[in-house]
Amino acid sequence: MQTARIGVTGLAVMGRNLARNLARHGHPVALHNRTAARTKALVEEFGDEGAFLPAETAEQFVASLERPRRLVIMVKAGAPTDAVIDEFAPLLESGDMIVDGGNAHFADTRRREAALRERGIHFVGTGISGGEEGALHGPSIMPGGSAESYEALGPLLEDIAANVDGTPCCTHVGPDGAGHFVKMVHNGIEYSDMQLIAESYDLLRHAAGLAPAEIAEVFRTWNTGRLESYLIEITAEVLAHTDAGTGKPFVDVVLDQAEQKGTGRWTVQTALDLGVPVGGIAEAVFARSVSGHAGLREASRNLPGPARSAVAGSGFADKVEKALYASKIVAYAQGFHEIQAGSAEYGWNIDAGAMAAIWRGGCIIRARFLDRIRAAYEADPATPTLLTDDHFAEALGDAQDAWRDVVATAARIGVPAPGFSTALAYYDSLRADRLPAALTQGQRDFFGAHTYRRVDRDGSFHTLWGGDRTEATA
Ligand code: NBP
């Protein structure tokens, strides 16, 4: 009987395309889906693309896998993943591997990994980015789990991943939930990147008075420079598109309420737990949230604002390009800070530069820019922030006047630019000699005797605010 090198259960868009990708690379793939019709349809439509071993039952599926077994789960994240694990784990043996390619929360992955490890089964929480097309043609793959499991899985995953300059966009991220953690932050950065692009569009439209088709051209030009990326490329496509039914720009007929599936929110929630400031990602999540509050927006529509007219002079698009590049540096710096904090908290030892390298292809945030981040970490693996890397520091210095001008213009004409604004505030906060946090500490000591430290002496102190205001050592 022919055996499969790997099996995929869950054959909706992602699982189906991942299975096809594996088969196209010459790996015999066992197929399974809760509803057998999907398995049948895959074989009927794409059976000639490689060796597929369809199975109707979990037992047949497991029996068709070579050992140690490699079983990929591509089902809806959450309870379905637990249901599938519960179904398959009893059929597996010590040394077998379950790969969860869904968008699981890293805490769930840690829980599942620990439980399965007790039974001798490797659980490999794996981030996969690139959507439907990526899964088929080469995604960016972020596997967690044990180093031992990567030895058996890595070659297959690297085979089907995207490839940039001869380097596969797949590497072992770190133990247990590290892969899903990094995928989560990747999505958070994606939110931020998209928000900054959206603000650029809004400003070019309302401050510079450009039409969507003209803005599409601006983005096309940007895509030939340092901002070259998949997101900038598709932005130009979307802006250039005309609605067939109305003849209007497509962007004008789409309801302006953005949706979200949750990974951006998780990134921010986790950052709060880790104490990492990720304002750019948070504002991006909140911007989608604000957009969806239709009633709140309707009730607020008549609030007074400034006269809104196209005020920006020539060269405004160049300024927006600089603001976008600078804000993007901040967004990525914040995301990588979160990765490093997570890595330290959970003992994952994540190589940040390697993460930038595997995001260069296959995933939604793929960009020329990521090569710069890889180089920055190569130059200084322990850098506390990407902002101080020579290249980025120079770019920020060069951009800052334009960046400030863009944020000021947005405020003056009443165009919301939360992403640009928070990025600039973060930059200025990090640069500041003194922050008003000293006053905050004074207030905290006043109302709650929370104590403070001094700039000139060690120790903790409390001022007797309700008494003679002398200072006591706490
Ligand atoms: P969906 O997230 O839409 O899930 C559908 C699959 O889950 C079907 O195969 C369905 O089986 C199976 N399933 C469900 Br629902 N409940 C189940 C249960 N209790 N037991 C067994 N199977 C169950 O599929 P997708 O969009 O292909 O995404 C798969 C995973 O990949 C998700 O975790 C997603 O977050 C992640 N992901 C998606 C993308 C993307 O661009 N779509 C990108 C990256 C990651 P059925 O056919 O019997 O209903």
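How far apart do the C-alpha centres of domain 1 and domain 3 lie? The model on the screen is a predicted one, and the tour begins by dividing its chain into parts.

**The domains.** Select residues 6–172 for domain 1, residues 183–431 for domain 2 and residues 436–473 for domain 3, as given by the domain assignment. With domain 1 and domain 3 coloured, the answer to the opening question can be seen: their C-alpha centres are 56 Å apart.

- Arg34: a polar atom of its side chain lies 3.0 Å from a ligand oxygen.
- Asn103: here a backbone N or O atom is 3.1 Å from an oxygen of the ligand.
- Val13: a backbone N or O atom is again involved, at 3.4 Å from a ligand oxygen.

On its own, the ligand has 910 Å² of accessible area, and the protein covers 76% of it.

**A pair of helices.** Move on to helix α8, residues 178–206, and helix α19, residues 418–431. Their axes are 8 Å apart, and the helices pack at an angle of about 115°. To see the contact, show Gln195, Leu196, Glu199, Ser200 and Leu203 on α8, then Pro418, Gly419 and Phe420 on α19. The contact residues comprise four nonpolar, three polar and one charged.

**Two places in the backbone.** Which residues does a cis peptide bond join? Select Arg67 and Pro68, where omega is about -5°. Pro68 belongs to the loop between α3 (58–63) and β4 (70–73).

Finally, select Asp165, which is located in the loop between β8 (163–164) and β9 (167–168). Its phi is near 50°, a positive value in a residue other than glycine.

Note on methods:
Residues numbered from 1 in each chain as written. Predicted model: local features only at pLDDT ≥ 70, side-chain atom pairs only at ≥ 80, totals over all residues. Heavy atoms only, no water. Domains from an automatic or database assignment. Polar contact = N/O pair within 3.5 Å; in protein donor to acceptor, adjacent residues only side chain to side chain. Areas by Shrake-Rupley, 256 points an atom, 1.4 Å probe, with all protein chains shown as cover. Axes fitted to C-alpha atoms, helices over the stretch in contact; angles between N-to-C directions. Helix = DSSP H or I, 4+ residues; strand = E, 2+ residues; numbered from the N terminus. Contact = heavy atoms within 4.5 Å. Nonpolar A, V, L, I, M, F, W, Y, C, P; charged D, E, K, R; others polar.
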